[in-house]
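Visitor: I have a new model open on my screen and would like to learn how to read it. Could you walk me through it, one feature at a time?

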Amino acid sequence: MKVNMSNEALMAVLEAEFKPKGIVAYSGCCRWGCTGSYDETDPEFQVRDQGGVFYIRLHLAGMNYRPTVEACYAMYEDIAYLREHWEQERALLAKFCHLLGYEDGGFEIVKPESERRAIEIKFLQPLELAAE
């Protein structure tokens, strides 16, 4: 599924939705602690501390950027919190997918079996990003 905006515009849309919630919704680099995103440039940014999703690892720039994306991953703090609040956390990730342009049924959000796994967001049609 082709995104109908530049990567910079997509970054702005995701930031507007998720920054106020304390969630980093894209990456411009490689990992948590080196996201190349607004968590590193805004000294006022407060990461979510509830135990749920705090980082969605969709690479929109940087060394891990790929124009075709079949899946991305969401990091969370606490598996017990995630299990207890799965529907709420899943709804946040569904909103993320809707902002990318997917409708319900166009993606699958996979609940991790253990704390060793991230939440996987599978795009049933690969996401086609703009050229970097």
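Guide: Gladly! Let's start with the surface: accessible areas come from the Shrake-Rupley method with a 1.4 Å probe. Please keep in mind that this is a predicted model. Here the accessible surface of the protein comes to about 7,100 Å², and carbon and sulfur atoms account for 47% of that area.

Visitor: What percentage of the residues count as buried?

Guide: A residue is called buried when its relative accessible area is under 20%. By that cut-off, 43% of the 132 residues are buried.

Visitor: How does the radius of gyration fit with a compact globule?

Guide: For 132 residues, a compact globule would have a value near 14 Å, and the protein agrees because its own radius of gyration is 14 Å. Along the principal axes, the C-alpha trace spans about 40 × 35 × 25 Å.

Visitor: Which elements make up the protein, and in what order do they run?

Guide: You will find four helices and four strands. Reading from the N terminus, the order is α-α-β-β-α-α-β-β.

Visitor: Now a single residue, please. Is Val69 buried or exposed?

Guide: Val69 sits in strand 2, which covers residues 68-76. With a relative accessible area of 9%, Val69 is under the 20% cut-off and therefore buried.

Visitor: Which residues is Val69 in contact with, leaving aside its neighbours within four places in sequence?

Guide: Those partners are Leu58, Phe123, Pro126, Leu127 and Leu129. Take Phe123: it lies 54 residues from Val69 in sequence, yet their C-alpha atoms are 7.8 Å apart. Across the protein, among contacts between residues at least 6 apart in sequence, 63% join residues at least 24 apart.

Terms used. Residues numbered from 1 in each chain as written. Predicted model: local features only at pLDDT ≥ 70, side-chain atom pairs only at ≥ 80, totals over all residues. Heavy atoms only, no water. Helix = DSSP H or I, 4+ residues; strand = E, 2+ residues; numbered from the N terminus. Rg over C-alpha atoms; globule rule 2.2 N^0.38 Å. Buried < 20%, exposed > 50% of the residue type's maximum accessible area, 1.4 Å probe, protein only. Contact = heavy atoms within 4.5 Å.
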